[in-house]
Amino acid sequence: MMSFLQIGSLIEPPSVEFSFDAPAWYVLGVFLLLCCMTALTFWLRRYKKNEYRRTALAFLVQQEKEAHPVDLLYASNVLMKRIVLERYGRVPVAGLRDKEWIAFLNATHKCAAFNDVDAQLLHKLYTQQSLSKHEINDFLNKTKKWIKTHRTGESYSPPIIGETYSPPIIGESYSPPIKGESYS
């Protein structure tokens, strides 16, 4: 049994040097390069798509420094309307006011941030009633949050209220329906 343990020293093969010359490394390199280029393309597309959000938030920050609180409330509401008109189109949103406007904002946001108090605040704004700074600041914070996180125009479908609506096909011009006709 002792002879079994005394076999001798192990013979090690020569070490294999590492090299990137194998074809699989080229395939992996091209694959990683394509993945990086695809990720960069998606990031740039998203960055450009959200440029209006950054511009709108910068505008609100500038208005906070310069404008009177009532003017700031008016500017923030107008800014949201401009964004909505550009993103969702004029037809489904142009006539919205008060509670319908607030319901639309909540429908296009990830969480329902606006409430009836905000609808009353906007009503007070346009009827020139007194407004508190706390209410204005609360609305402004909700506006900023909405601008940062609202959904884009593809996810909204307008409510059907007595008549049907189908958006115009891209390339066709829109003409409003004649009185008594429905949207189609």
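**Close-up 1. Lys 144 and its salt bridge to Glu 64.** In this predicted model, Lys 144 is buried, with a relative accessible area of 18%. The side chain of Lys 144 meets that of Glu 64 in a salt bridge, at 2.7 Å from N to O. Lys 144 belongs to helix 8 and Glu 64 to helix 3 (residues 51-66), so the pair ties together parts that are 80 residues apart in sequence. Glu 64, at a relative accessible area of 35%, is partly exposed.

Close-up 2. Asp 118 and Lys 142 form a salt bridge in which the closest N and O atoms are 2.9 Å apart. Since Asp 118 lies in helix 7 (residues 116-126) and Lys 142 in helix 8, this pair ties together parts that are 24 residues apart in sequence. Both Asp 118 and Lys 142 are buried. Lys 142 also meets Asp 138 in a salt bridge (3.5 Å, N to O); these two residues lie four residues apart in helix 8, about one turn of the helix. Asp 138 is partly exposed, with 34% relative accessibility. Shared partners join Asp 118, Asp 138 and Lys 142 into one network.

**Close-up 3. A nonpolar surface patch.** Phe 18, Phe 20, Trp 25, Leu 28, Phe 31 and Leu 32 make a nonpolar surface patch of about 660 Å². Leu 32 is placed in helix 2 (residues 23-49) and is partly exposed, at 46% relative accessibility.

**Close-up 4. A positive surface patch.** Arg 46, Lys 49, Lys 110 and Arg 151 form a positive surface patch. Arg 151 is located in the segment after helix 8 (133-149) and has a relative accessible area of 32%, which counts as partly exposed.

Key. Residues are numbered from 1 along each chain as its sequence is written. This is a predicted model: local features need pLDDT of at least 70, side-chain atom pairs count only at pLDDT 80 or more; totals for chains, interfaces and linings use all residues. Side-chain values use heavy atoms; hydrogens and water are left out. Patches are made of residues with over 30% relative accessible area and no salt bridge: like charges are joined within 9 Å, nonpolar side chains (Val, Leu, Ile, Met, Phe, Trp, Tyr) within 5 Å. Accessible areas come from the Shrake-Rupley method with a 1.4 Å probe; for residues, only the protein chains shown count as cover. A salt bridge is a side-chain nitrogen of Lys or Arg within 4 Å of a carboxyl oxygen of Asp or Glu. Buried means under 20% relative accessible area, exposed over 50%, partly exposed in between (1.4 Å probe, protein chains only). Lys and Arg count as positive and Asp and Glu as negative; His and the chain ends are not counted. The place of a charge is taken as NZ of Lys, CZ of Arg, CG of Asp or CD of Glu.
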